[in-house]
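Reader: Hi! Could you walk me through this structure in simple words?

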Amino acid sequence: MSTTPHAPAAPATTPPTPPATPPGSGPVTAPHVPYRLDFSVEVPGTPEQVWHAIATAEGMSAWFLPTEVEEREGGALRFSMGPAMGSHGRVTRWDPPHRLVYEEDWADLMGQEPGSVSALTSEFVVEARSGGTCVVRVTSSGFGTGADWEPEFWQDMGQSWVPFFDNLRLYLAHFPGRRATQLEASASHPGDAQALWAVVREALGLGEEGGAVQVRGCTGTLERLGERQALVRLSAPVPGMLTASTHADGEGTATAAVRAYLFAPDPSDPSDPSDPSDPSDPSGAARYVQREEPAWRAWLEQLTVPA
């Protein structure tokens with residue numbers, strides 16, 4: 001697999017394991033239906049660089065969700081999914097720089113009764129390869145009762161989680177070890193997710209992978225174009241990564257979202273345009289987010305989806 005970030009290949013995936021047996025008609029006393037999602041991705045970097053990206057709060061927040069984690073076995077962790085949403089858990093295996101395992105409270109995450117499903121367990125295994133790359137093998141698993149929402153959860157999880165690993169590849173290729181400031185904005189519209197994506201793609205001016213992107217004062221390169229998501233490497237006014245996507249909300253509406261990971265300047269890179277030493281320069285990551293996050297939200301809200 002190519003290790004360059006330009007138009008990276010999608011990770012190979014194995015579909016979630018379907019229920020082993022149909023749910024019974026009587027009461028279920030314990031979760032017994034297995035689910036499993038596994039895939040792997042090849043990324044640039046040493047095992048130590050990859051470990052920092054997948055196992056530390058600073059690293060995971062630079063390509064995934066805002067993350068808090070006590071970096072030790074038994075340590076608490078939390079993934080933030082919005083102002084009032086998050087997933088809580090704990091680290092169950094800490095073996096740097098090779099293996100990380102953590103559990104999340106699947107029942108709490110989905111608003112189910114405690115003990116109605118098992119913990120959601122995720123394992124990351126880092127294997128060094130020749131040529132300065134590593135393979136990251138990811139497995140998530142859990143046990144449910146066969147309720148209708150469970151296989152839907154695992155299907156949605158694969159569709160929404162796997163694309164983050166394109167972010168990981170791009171982060172390690174261009175911004176390894178650097179701290180990110182995140183920008184997040186979204187807006188709901190009537191209609192379906194595919195129609196909304198067509199509008200978002202046109203508004204962002206997304207062409208072919210590898211092509212230039214210019215939108216709302218940002219310039220960059222389209223690195224990855226999926227069914228209803230895109231990944232752009234930003235070069236100005238702040239270096240970083242920007243993702244755009246749409247998803248169905250149900251009941252005839254869909255949401256368009258953008259998330260950006262913006263990085264402080266790299267003193268060793270003369271081409272980095274950021275200049276936080278100049279208070280009058282608005283291209284610093286934190287200042288950009290403070291100023292532009294509401295503007296991105298308004299931009300999304302103003303999109304018009306054909307009836």
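Reader: Great, what should I know before we start?

Author: This is a predicted model, where local features need pLDDT of at least 70, side-chain atom pairs count only at pLDDT 80 or more, and totals for chains, interfaces and linings use all residues. Residues are numbered from 1 along each chain as its sequence is written, and side-chain values use heavy atoms, with hydrogens and water left out.

Reader: Okay, which residues of H6 are buried?

Author: They are Ala193, Leu196, Trp197, Val199, Val200 and Leu204. Buried means under 20% relative accessible area, exposed over 50%, and partly exposed in between, using a 1.4 Å probe and protein chains only. Helices are DSSP runs of H or I with at least four residues, strands are runs of E with at least two, and both are numbered from the N terminus.

Reader: And where do they sit around the axis of H6?

Author: Seen down that axis, the buried residues fall within an arc of 160 degrees, so they line one face of the helix. The arc is that of the directions from the helix axis to the C-beta atoms.

Reader: What happens at the start of H6, and just after it?

Author: At the start, a side-chain oxygen of aspartate 192 comes within 3.0 Å of the backbone nitrogen of glutamine 194. Just after H6, glycine 205 has a positive phi of about 70 degrees.

Reader: Which residues are buried in H1?

Author: In H1 (residues 47-55), those are Pro47, Val50, Trp51, Ala53, Ile54 and Ala55. They cover an arc of only 165 degrees around the axis, which puts them on the same side of H1.

Reader: New topic! Where is threonine 243, and is it buried or exposed?

Author: Threonine 243 is in strand S13 (residues 240-250). It counts as buried because its relative accessibility is 17%.

Terms used. Polar contact = N/O pair within 3.5 Å; in protein donor to acceptor, adjacent residues only side chain to side chain.
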